[in-house]
Amino acid sequence: MASGGVSVASLWTEVNRCGQNGDYTRALKALTKILHENRDDVTALHCKVVCLIQNGSFKEALNVMNTHSKMLGSEVVFEKAYCEYRLNRVESSLKTIESAPEQTDKLKELYGQVLYRLERYDECKSVYTDLIRNSQDEYEEERKTNLAAVVAAMSQWEKAPTEDLGLPESTYELCYNAACSLIGQGKLTEALNKLQQAEELCRVSLADDSDMTEEDIQSELAVIHSQMAYVMQLQGRTDEALQLYNQVIKLKPSDVGLLAVTANNIITINKDQNVFDSKKKVKLTNAEGVEYKLAKKQLQAIDFNKALLAMYTNQADQCRKLSSSLQSQNPGHPRPVLIQVAQLCREKQHSRAIELLQQFSDQNPESASGIKLTMAQLYLVQGHVTKACDVLRSIEEFKHKPGMVSALVTMYSHEEDIDSAIDVFKQAIEHYQSEQPGSATHLALVREAANFKLKYGRKKEAISDLEQLWKQNTKDVHTLAQLISAYSLVDTDKAKSLSKHLPSADTMSFNVDVDELENSHGATYVRKKAAKVVGENPPKEQGHGEVKKKKKKKKGKLPKNYDPKVTPDPERWLPMKERSYYRGKKKGKKKDQIGKGTQGATAGASAELDASKTASSPPTSPRPGSASGSSTAPASGVVPPRQQKPSSSGATRKKAPQKKKKGGKGGW
C-alpha cells in the first residue's frame, strides 16, 4: 500500500488514465508516489522519463536517465538520444544511437534527423531511403518529406547532381522541398512556379481546419513567401523581393531561423545604402537558438554580412574583430581576408592590404586565384601597372585565357613595353598549339598577335603568324596581302612569289551600278548632278532619295564706315598697346585740357598741334557721326581669330584710373 491509504495499483490506473488523456503533469505526480514506495521500479522510472519528455523537460529527463543508468540500461536508449538531440547535443546523440544494441525503426528515424543536423546528407539519404522501402505505416508521407528535404539540401549546399527518386508532390511540404531543389540547380523560373503551387496547396489544406485563422495561415505561408522573395532577388527583381521580405518580418513568425534568413537577405539588398534599417535587421540574426536552426553555410553568410555592415557603418574596429574571428573559424576561406583588405583600402592603407593578400596567397595556393586578381587591382590603383601584370601572369589557371591575354597586352601597351606584350601572345599561342591546335581560340590569338606586331612595326616577327593563318585559309586575301607586305622588308623574292597568289584585277571587278548605289537609302555621299535646264521639271522616281541643297555661306557683314579704297590697318585686331605705332600717354596730361590753357584756346587748336594725329599715323577710314581719323574700324570679310575683340565704338580701350597720390594737385 502507498502512503495515505492509496494502493499502488490505483496509482498505476491513474497513470494510465492520465497518459491516455495527455495529462502528463498529473501522471508525474502519481509516478512520484509510486517511486516513493519503490525507488527501483524500472517501469515507473521509464514512465517518468516519458512524461518529462512529453512536457518538454528534456534536461530533467536526461538527469533521471543518467542517475539510474544502471537500472534502466538499454531500455531508454531512444529516450536518451532524443533528449540529447532536443538539447542540441547532436554529437552525443549520435554516439548514443550508434552504441544501441539493436537499431529499431524509431532509432533509425532519429538517426536520420541527427545526420541531417550534422549535414551528413549522403548517409542521411541512405537511412531514409531504407526506411521508406522497409516500412509501411501512417508515417510514410513524413519520411518522404524528410527525404525530399535531404535532396534539396544536397542540391543547395553541396551542389550535388539531383536524381529523380519518384517522390510525389501531393503536399505543400513536398512541393516546397522540390522547389528548393530546383533553386539549387539554378532553375529559378520553375522553382518560382513550384513555390506558387506549394502556396495553393497550403491554403487548401489549412482551409479545412476550422481552428486555423487567417493569421495562422499567413504564418504557415511565411516560409514559402520568404523563399519566393529569395528567388525574385536572384532574378534581379529586388523591389518585389524586398516588399515580400518585409511582409514576412511584419508577421513576426515564431521560427527564429526564418526571421534570421529573411533579415539577412534584406541586408544584402540594402548593401551600403539604408544602413540604419540594416542595423535594425541585423539584431534579428542574433536571436537565441538561431545557430541550431540554420545550416553552416547560412550562418557563415550571416557572419560575413555582419562584418561588411560594420565596414559600411565605419565601425573599423568591429569590422576587424569580426573578420579576424571569421578567418580563425574558416582559415582557408578567402572572404574574411578580402573584408579586411576592403577595410584597409577605405583607410588608404593599400600597401598593408597587398601584404595581407600576398601572405594569404602563399599560405593557401588553392584559393590564390581570386586573391591575386585583387592584388593586381590594388597595384593598378596605385599606378604600378608592371607589378599588376606580373601578378596576373602568375595565375596559372587564367594566364592563357583570351580575356587575360587581352588585359595583359593592353596594360603592357600602355607602358610601351611591346616586347612583353608580344611574349604574352607567344606563350598563349604555344599553350593552345599544344592543347587545342587549330581551335577558334588558337587562330584568334594568332590573328591578334599578327595584327599587334604589324601595328607596332614588327613585320618581320609577324611573318610566322601570318603564314600560319594563310595556310589555314589560302583564300584569305587580306592575310595574304599582310604577308606580302611583311616579306617585302625581308625577302623580296618571296614577296613576289606570294603575290602570284593574289587574285587578278578581272576577278576582283564587280558589276556595280554606281548611280543606283549613290541613290540608295544607305548612301552617305552623293555626287553633284548637272544643273537642270530651266523649265524642265522631270517627275521624281520612286525609291530615290532627294539630294539636299547645300546651304550658301553667308558673307560677313561690313562695318558702316568701311571704305574699300582705303587699305585696312593690318594691326587692327591687336590691343592698342601692342600695336607698333602706339606711343603711349604722357603722365599728368589729360586727353583734352579743358579750361587749362590760355583764354580762348579750343580743343580743335590743340588737336592740330598733336603730333600723334599727323600724316605719319596709319590711314583710317572716316566713321559717320565722329571726327575724321579719330578711330579705327574693322575690315571687311570673315573675322579671323584674335586676342582682343575691338570695342563697339571703335575707340581704343581706356586705361584704368591710377590711385590718387598724396599731396598731388588735381586729377588722377
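In which loop does Arg572 lie? Select Arg572: the loop runs between α31 (514–518) and α32 (603–608), where helices are DSSP runs of H or I with at least four residues, numbered from the N terminus.

The model is predicted, so local features need pLDDT of at least 70 and side-chain atom pairs count only at pLDDT 80 or more, while totals for chains, interfaces and linings use all residues. Residues are numbered from 1 along each chain as its sequence is written, and side-chain values use heavy atoms, with hydrogens and water left out.

Arg572 is buried (under 20% relative accessible area, with a 1.4 Å probe and protein chains only), yet has no salt bridge, a term for a side-chain nitrogen of Lys or Arg within 4 Å of a carboxyl oxygen of Asp or Glu. Show Asp569 next: its side chain is the nearest of opposite charge, 6.3 Å away. The backbone oxygen of Asp569, however, is reached by the side chain of Arg572 at 2.7 Å.

Now select helix α9, residues 121–134. Its buried residues are Tyr121, Cys124, Lys125, Val127, Tyr128, Leu131 and Ile132. They lie on the same side of α9 because they cover an arc of only 160° around the axis, taken from the directions from the helix axis to the C-beta atoms. On the other side of α9, Arg133 and Asn134 are exposed, that is, over 50% relative accessible area.

Finally, select Asn314, in the loop between α18 (296–312) and α19 (316–329). Its phi is near 60°, a positive value in a residue other than glycine. Asn314 is exposed, at 61% relative accessible area.

Notes
Helices (H or I, at least four residues) and strands (E, at least two) are DSSP runs, numbered from the N terminus. Lys and Arg count as positive and Asp and Glu as negative; His and the chain ends are not counted. A polar contact is a pair of N or O atoms within 3.5 Å; within protein, one must be able to donate a hydrogen and the other to accept it, and residues adjacent in sequence count only if both atoms are side-chain atoms. The expected span of a helix is 1.5 Å times one less than its number of residues.
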